[in-house]
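Please read them alongside the sequence and the coordinates.

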Amino acid sequence: MEEILMPKLGQTTDEGYIEAWHVSEGDEVEMGQPLFIVETDKAQTDVESVADGVVRKIVVPAGETVPAGTVIAYVGEVDEEVPE
Amino acid sequence: MTRTMTFDDDVLKALGKQESIELLHLMVLIRQFEQTAYLRYLQGEIPGTLHQCQGQEAVAVGVCSVLESTDWITSTHRPHGHALAKGMDPAAAMAEIYGRETGCLGGRGGSMHLGDPDIGMLPSVAIVGGGVTLAPGLAFAMQTQGSSSVVACFFGDGAVNEGAFHEGVNFAAVKKLPVIFVCENNSYGASTPFHETTLNTDIASRGAAYGIPSESVDGMNVLAVRTAAERAVARARDGGGPTLLECRTYRYVGHSRGDARGYRSKDEEAQWEERDPIEQWKTVLLDSGLVAADEVDETIKSAKAVVKEALKGAQNAPKAAVHTALEPTAIFAAPGGHEGEPAGPLEEDPSTHEDDRRLSIAEALREGIQEEMLRDSSVVLLGEDVGVPGGFGGAFGIYLGLSEEFGRARVVDTPISEKAIMGVAIGGAIAGLRTLPDLQYADFIFESMDEIVNEAAKLRYMSGGRISIPTVLRSPVGASQRGAQHAQCPESFFLHVPGLKVLCISDPFTAKGGIKAALRDPDPVLVFEHKLLYGAAKRQEAGSIDSRAYVPPDEYEIPVGQARIRRRGKDVTVVATFTELYDALSVADDLANDGISVEVIDPVWLAPFPWETIFESVGRTGRLVVAHEAHRTGGWGAEVAARVSERLHGRLKAPVLRLGSADVPMPFAPWLEAAVLPSRDQLTETIRHSANWTDHITLS
């Protein structure tokens with residue numbers, strides 16, 4: 001199971017705002033596929049999946065701001081257990 | 001996908017199915033490795049930064065596919081693709097980027113320095129153009145050893161405007177060294193377009209400047225790269241010398257991780273991506289019928305699986321252990337200094353000895369070098385004017401007769417290219433020679449500071465202690481009425497660089513035993529000698545000091561790190577080198593008449609410095625004067641003063657006093673020069689101050 005973290009993208013802030021999700025729970029994704037859009041320092045960036053797999057859980061929905069390093073979602077195999 | 005790649009059916013058939021699949025496998029492996037590292041970096045798993053090569057895979061793979069495991073490569077700050085193409089285990093590469101114990105360099109190198117001597121890859125050189133002077137050195141060793149191995153030297157377009165490029169390529173050309181210079185021209189040096197940096201953007205055309213063959217190749221076409229590299233490698237193996245290959249390619253990603261690529265257009269990027277080397281090669285393989293679709297899929301799948309495993313290995317590997325950062329054997333192959341007693345006063349010339357054993361420093365150096373060259377056929381001398389018949393025999397005649405005795409393949413005359421001389425000395429030492437580079441004057445060392453400071457001093461450490469660099473740079477120092485640029489005493493600079501040993505020769509006994517010790521040492525040694533002390537027959541300098549002394553005809557080495565107490569005393573310790581050492585000895589005679597007993601120590605080695613000898617002496621005398629011709633500010637005496645003060649603060653009867661040249665460039669006119677140099681009178685006065693110290697003395 002892969003944790004997808006909020007990356008540190010901004011020069012002036014350690015926080016990121018999730019503007020929108022490109023995928024939903026249960027979607028199959030490939031490594032490098034954009035998962036969600038983050039806005040930091042007024043710039044928008046796609047955050048990409050680090051691995052092939054299924055989006056098992058979206059922890060932070062669109063519209064929220066969280067610090068870098070926060071777990072945003074889990075990507076893994078269909079039968080893997082999702083952490084609480 | 002636009003396939004701009006052309007291919008010849010016959011060439012493809014000759015390549016064969018297995019090799020074709022291997023090229024695909026390696027390119028996909030590199031791409032997947034880079035993508036994985038990129039995504040993991042963004043997730044905060046990888047420290048530092050990354051310079052990646054997505055888009056450039058065909059160059060690394062095409063060139064390395066025609067190399068043997070015994071051939072070497074040098075790489076750059078963007079080395080991941082080169083390492084994987086040369087056969088590095090992807091797990092060892094990924095672990096290194098993660099800073100883990102299982103990394104190819106134990107976490108000491110990291111992303112920019114991937115390398116592994118076992119696969120023929122130098123730790124990558126992250127100084128632009130740095131590898132271009134080292135690669136000829138590796139090749140020089142191969143040529144000298146009579147092997148048919150070759151070196152592929154990778155660098156970017158930015159490097160061709162470096163002085164190192166000119167010196168390295170010219171050196172390789174004139175010596176017909178087996179090097180393939182591979183320029184990955186991706187059109188940008190960081191964010192600066194290449195065409196803004198030169199009026200001649202045709203990199204291949206620069207081969208003509210050095211009289212070597214060159215080609216411009218489509219770097220997105222793995223077969224074209226391979227075919228051109230094959231020709232170049234064959235030429236190099238046959239003794240035909242180097243080739244310059246310009247491979248036109250593109251990095252899809254930024255220069256490094258913080259680079260948002262605002263300096264180039266999406267259109268331009270899309271045009272290059274249309275010519276993707278992996279997609280093109282896949283299409284060629286499928287269209288030609290050489291490889292079936294399911295075989296292509298299987299190849300891609302297996303390459304990705306390898307990277308997945310490598311990633312898992314890196315993530316789970318222990319971090320490199322903290323104590324390994326300071327391991328002495330990682331810095332030096334022979335760390336540590338002499339721990340026993342210091343040497344005593346020089347042996348007097350006993351009457352039983354033949355008169356001709358009173359040698360000058362020049363003669364003693366020559367004898368030491370000659371003995372080592374006889375003893376060890378891997379010792380090679382290289383420099384300007386060292387062996388030309390009827391020539392100088394080195395700037396001070398030190399080498400006279402050596403080229404006649406050992407031949408010009410071991411006494412190698414070079415272009416006036418200090419960077420290349422040092423680069424070749426370092427590369428040659430790594431590949432099995434013991435090199436003795438000569439730059440004529442210590443002032444000229446600054447031309448090769450990158451090679452000395454960034455390569456000689458660091459490559460062993462960067463390699464995780466897996467390579468040794470036995471090279472000995474001799475340089476004359478000191479003012480001798482030649483003005484500011486043939487006068488300096490730069491030895492202090494090198495104390496500030498971990499990874500170098502520094503020897504100062506002030507007498508003939510030390511000259512012979514010291515040069516022999518240096519030539520047998522497995523680490524880089526910088527040897528400094530003073531022009532006024534040489535006593536060279538052909539070069540009697542004004543102000544020369546007769547330093548002739550008895551030199552045993554026998555085999556001996558002076559121990560690395562051992563100081564010599566030239567005169568024993570009990571009131572004031574004087575630590576001095578070169579001409580100041582002779583002044584100190586003579587001043588000590590005078591002061592003895594005044595009841596001041598002076599101990600005179602020649603440190604001999606500034607690195608490793610004989611601290612215990614100095615502490616022991618100053619612990620007895622309570623007073624220390626340091627005298628050197630090097631400028632006072634930042635001179636090595638400053639370090640001695642600081643350490644002695646730290647160690648012996650409460651026991652000092654006077655502050656540590658220093659004497660050095662005034663902080664001005666050396667003037668020419670002898671009467672001006674004398675005003676800048678430390679004088680014998682100043683030394684006398686300084687020692688008296690120390691001996692009679694009271695709090696109201698004010699020193700200028």
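1. In this predicted model, the radius of gyration of chain A is 12 Å, which agrees with the value near 12 Å that a compact globule of 84 residues would have. Along its principal axes, the C-alpha trace of chain A spans about 40 × 25 × 20 Å. Of the 84 residues in chain A, 36% are buried. Among the contacts in chain A with a separation of 6 or more, 55% are between residues 24 or more positions apart.

2. As to secondary structure, chain A has 8 strands and 0 helices, so that its elements, read from the N terminus on, run β-β-β-β-β-β-β-β. An open sheet in chain A is formed by 4 strands in the order β1-β8-β6-β3, and the pairing is antiparallel. At its edges are β1 (2–5) and β3 (28–29) of chain A, each of which pairs on one side only.

3. Within it, Pro34(A) stands opposite Glu48(A) in β5(A). The strands β4(A) and β5(A) form a hairpin with 2 residues between them, and Asp41(A) in the turn has a positive phi of about 50°.

4. Turning to charged pairs, the structure holds 44 salt bridges over all chains. One of them joins Arg548(B) to Glu363(B), with the closest N and O atoms 3.1 Å apart. Because Arg548(B) lies in the loop between β14 (525–530) and β15 (549–550) of chain B, while Glu363(B) lies in helix α13 (residues 361–375) of chain B, the pair ties together parts that are 185 residues apart in sequence. Arg548(B) is partly exposed, with a relative accessible area of 33%, and Glu363(B), at 27% relative accessibility, counts as partly exposed too.

5. Helix α13 of chain B also contributes Glu372(B), whose side chain meets that of Lys516(B) in a salt bridge of 3.0 Å, N to O. Lys516(B) lies in helix α19 (residues 508–520) of chain B, so this pair ties together parts that are 144 residues apart in sequence. Both Glu372(B) and Lys516(B) are buried. They belong to a network of salt bridges that also links Arg357(B), Glu367(B), Glu371(B), Arg375(B), Lys512(B), Arg520(B), Glu555(B) and Glu557(B).

6. Another salt bridge is formed by the side chains of Asp594(B) and Arg688(B), at 2.4 Å, N to O. This pair links distant parts of the chain, 94 residues apart, since Asp594(B) is in the loop between α20 (578–593) and β18 (598–602) of chain B and Arg688(B) is in helix α24 (residues 680–691) of chain B. Asp594(B) counts as partly exposed at 44% relative accessibility, and Arg688(B) counts as partly exposed at 34%.

7. Which side chain of opposite charge is nearest to the buried Glu673(B)? It is Arg482(B), but at 7.7 Å away, and Glu673(B) has no salt bridge; the criterion for one is a nitrogen-to-oxygen distance within 4 Å. Glu673(B) is found in helix α23 (residues 670–676) of chain B. Leaving aside its neighbours within four places in sequence, Glu673(B) is in contact with Ala479(B), Ser480(B), Gln481(B), Arg482(B), Met666(B), Pro667(B) and Phe668(B).

8. A last point concerns Ser617(B), found in helix α21 (residues 611–621) of chain B. Ser617(B) counts as buried because its relative accessibility is 0%, the cut-off being under 20%. The side chains of Ser617(B) and Thr573(B) are joined by a polar contact of 2.7 Å. Not counting residues up to four places away in sequence, Ser617(B) touches Thr573(B), Glu599(B) and Ile601(B).

Note on methods. Residues are numbered from 1 along each chain as its sequence is written. Chains are lettered from A and ligands numbered from 1 in the order in which they are written. This is a predicted model: local features need pLDDT of at least 70, side-chain atom pairs count only at pLDDT 80 or more; totals for chains, interfaces and linings use all residues. Side-chain values use heavy atoms; hydrogens and water are left out. Buried means under 20% relative accessible area, exposed over 50%, partly exposed in between (1.4 Å probe, protein chains only). Lys and Arg count as positive and Asp and Glu as negative; His and the chain ends are not counted. Contact means heavy atoms within 4.5 Å. Two strands pair if DSSP finds at least two bridges between them. A polar contact is a pair of N or O atoms within 3.5 Å; within protein, one must be able to donate a hydrogen and the other to accept it, and residues adjacent in sequence count only if both atoms are side-chain atoms. The radius of gyration is taken over C-alpha atoms; the globule rule is 2.2 Å times the number of residues to the power 0.38.
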